[in-house]
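Hi there,

Here is the structure I promised to pass on.

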Amino acid sequence: MLARQLLLALALGAAAAGGAHASYPAPGALVVLDEEGGPNSRGALYAIEPVSGYRRVLTDFGNGIQGPVAAKPSGLARVSTGLWGGDDRWIVTDANGGTDNRGAVYEVDLSNGARTTVADFGDASRGPLGRQPEGVIYVPPVLLGPLSGFFVLDRRAGTDGRAAIFKLESNGRRSVFSDLGDGRGARAAQAVAFTWRPGALGLGGKLLVTDMTTGTNGHGALLTVDPINKNRTVLSDFGDVLQGWVDARRESAPNSVIAGNDGSIYVLVVGGGTDSRGALIKVDPSSGYRNLVSDLGVDSQGPTGSLPVAIRWSKDQQTIYVVDAKGGTDARGTLLQVDPATGARRTVSDFGLSGYGPLGQSPRAIDVN
């Protein structure tokens, strides 16, 4: 099976290299950020064909000719057509970029790899300073929706350094949308990822934030942030056995989170599952009850994980992609695909095998073109 995948990857790779590909990456292609990729280990952005797993470098963050050289590229988001018109846009956060290494946000042109700085979190003239901006999402405008635009999660900003969510304007100005350490409900302790879960017609939507160490016995929690009054509540306490699946190991903690168009919520648990290889959990949006979908340490469900760090829906929201920073050949990372109904997994791309294209080093984030 692996040999067949590699032959297909080589065939498609040769075809891509042999002809002009003005619209590359194609719709449905996977875009993966590797925070240590590229010749200078400054990071790279790859386009990956979802069937063959073949990779192509879109931008090398160590190449100064393409734009600002990154320090620690961390987060990735696609901005769909409609906010400012024109083609889709791609945004990458740099946790240690910008003035005084307080972070930066870049826009990447996927057609030529060119990068421009959208926001410098060390520039006090553009709003409150950042400390470690990593996660980024884009919320599209919808009828009656309470918010839209760019939101950036800074893991060390806010009261007592408990994290903050910044609202980023199109001109690069920023404001604190939610201080996760203030007194408006449950306080974060180690917030690491977030997403937007829309409601019907945009009403009733909430920001979802994963925190790795709050909750019962320090096992983490999934928090909600009301976009109107900014109040925070605990939707699911990952140490509370009354709310379903619990992994008792200390290293187990919720990390990446996604929400489906049908209102479903899935959370990636790093350090959870068999042999601490990770787990994919489904969370009930009303009760916070958790069910195990895929144990990444059980090989009967497919390739096992090592250090899973991010999840994302496929374009049709029928499958979930998992980025594993240290899986695969020579621990260079893997991209897995999970069936949310059965938990079955397959390898999409092994970043340690050159048959899939340029090698990776530590893939970190993913989105879908």
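The structure holds one cavity of 30 Å³ or more. By cavity I mean a set of points, on a 1 Å grid over the protein atoms alone, where a 1.4 Å probe fits but cannot get out. The volume of this largest cavity is about 30 Å³, taken as the space filled by probe spheres set on the points, with grid points joined across faces, edges and corners. Its lining (residues with an atom within 4 Å of a point) consists of His-219, Phe-238, Trp-245, Asp-247, Ser-252, Ala-253, Pro-254 and Val-269. Five of these lining residues are nonpolar, two are polar and one is charged; here Ala, Val, Leu, Ile, Met, Phe, Trp, Tyr, Cys and Pro count as nonpolar, Asp, Glu, Lys and Arg as charged, and the others, Gly among them, as polar.

Please keep in mind that this is a predicted model, in which local features need pLDDT of at least 70 and side-chain atom pairs count only at pLDDT 80 or more, while totals for chains, interfaces and linings use all residues. Residues are numbered from 1 along each chain as its sequence is written, and side-chain values use heavy atoms, with hydrogens and water left out.

Five bridges join β20 to β21 (residues 320-324) in the antiparallel sense, and Arg-312 has Tyr-321 in β21 as its bridge partner.

Finally, the aromatic rings. There are five aromatic pairs, meaning rings of Phe, Tyr and Trp (its six-membered ring) with centres within 6.5 Å; planes under 30 degrees apart count as stacked, over 60 as edge-to-face and the rest as tilted. One of them, Tyr-46 with Phe-351, is edge-to-face at 5.7 Å centre to centre and 75 degrees between the planes. This pair links distant parts of the chain, 305 residues apart: Tyr-46 lies in β2 (residues 44-48) and Phe-351 in the loop between β23 and β24 (363-368). Both Tyr-46 and Phe-351 are buried, that is, under 20% relative accessible area with a 1.4 Å probe, protein chains only. Tyr-138 and Phe-150 form a tilted pair, with 5.9 Å between centres and 55 degrees between the planes.

Best wishes

Terms used
1 Å grid on protein atoms, 1.4 Å probe; cavity = no way out; pocket = protein on both sides within 12 Å on 5 of 7 lines; lining within 4 Å. Pairing = 2+ DSSP bridges. Helix = DSSP H or I, 4+ residues; strand = E, 2+ residues; numbered from the N terminus. Buried < 20%, exposed > 50% of the residue type's maximum accessible area, 1.4 Å probe, protein only.
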